[in-house]
Amino acid sequence: MSYDAIVLAGGAARRLGGADKPALSVGGRALLDRVLDACPDARTTVVVGDRRATARPVHWTREDPPGGGPVAALDAGLRRTTAELVLVLSADLPFLDRETVRALLAAPSAPAAPGRDGAMLRDPDGRDQPLVAAYRAEPLRREIALLAAEHGTLTGLPLRALTAELDLARVTSRPLASFDCDTWDDLAAARARIREHGSVLEQWITAVKSELGIDLTVDTKALLDLARDAAHGVARPAAPLTTFLVGYAAAHAAATGADPAQAVAEASRKAADLALRWADEAAADSAEQNGSG
């Protein structure tokens, strides 16, 4: 679906001592880049905050005066968008994923919620997250204009003054999708979580794909099985070299028009079969030598 994205990245980060929060890293990647990775197909992406290096191109703007709060920042971002549906995110969500974004974007048009003004994430504790939400642009602009007329300014207004007037669906959050980094303890917890045994490989693969600028579904189990077969059936150093060659072969196939994921699967299958044949031959030779001895 067509949508624009607005990322609010201009907060004061007082509980972080005024640190440049969007630039702080989790898993070797800036928080802002991790959020941008969750919405790569936005037609236009606007970041409200000071300019900084980002992993992909974005448009920059700032509320006037700077530091005017989330409603003023949202208004500034909204002025740079044209899509009928707008994704609104804060820049400190290290575990926000594309699946959650897709759920938010789909919710306002779902049969169970016809005509809604948007959809907001609800975290596992039951709290609404207005900065992890998808809004229809027209009612959002209307309510912002009404607030400006009523108060004479948007500076300092809380987001609930805006969202209270909108008819929003709620999307239940996955356990970590709404986790944000407001304090140094939050940042330390996020960095620890990505290194947990159950998630470290997924987090690492996602980070590498982002760093290399590739978007490919990786069958981690198949590659690990291949590495194991190459290490056990040939020699331990064969594992990383074999998986590298599989990647190279898959890229070559994709360049000729093959589906990248299928190319990886096919190259992995061929290499794994070869490793098993290699191991079987070595075992047969060993048995023959032992028998003749």
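User: To which strand is strand 1 (residues 4–8) joined, and by how many bridges?

Analyst: Strands are DSSP runs of E, at least two residues, and helices are runs of H or I, at least four, numbered from the N terminus. Two strands pair if DSSP finds at least two bridges between them. Here, four bridges join strand 1 to strand 4, and the two run parallel; Leu8 has Val48 as its bridge partner in strand 4. This is a predicted model, in which local features need pLDDT of at least 70, side-chain atom pairs count only at pLDDT 80 or more, and totals for chains, interfaces and linings use all residues. Residues are numbered from 1 along each chain as its sequence is written, and side-chain values use heavy atoms, leaving out hydrogens and water.

User: With which residue of strand 5 does Val47 stand opposite?

Analyst: Val47 stands opposite Trp60; strand 4 and strand 5 (residues 59–61) pair in the parallel sense over three bridges.

User: Are the residues of strand 4 buried or exposed?

Analyst: Buried means under 20% relative accessible area, exposed over 50%, and partly exposed in between (1.4 Å probe, protein chains only). Thr45 and Val47 point one way from strand 4 (residues 45–48), Val46 and Val48 the other, and all are buried.

User: Which residues of helix 4 are buried?

Analyst: They are Ala137, Pro139, Leu140, Glu143, Ile144 and Leu147. Among the elements covering them are helix 2 (70–78) and strand 8 (128–136), where contact means heavy atoms within 4.5 Å. Just after helix 4, Gly152 takes a positive phi of about 80°.
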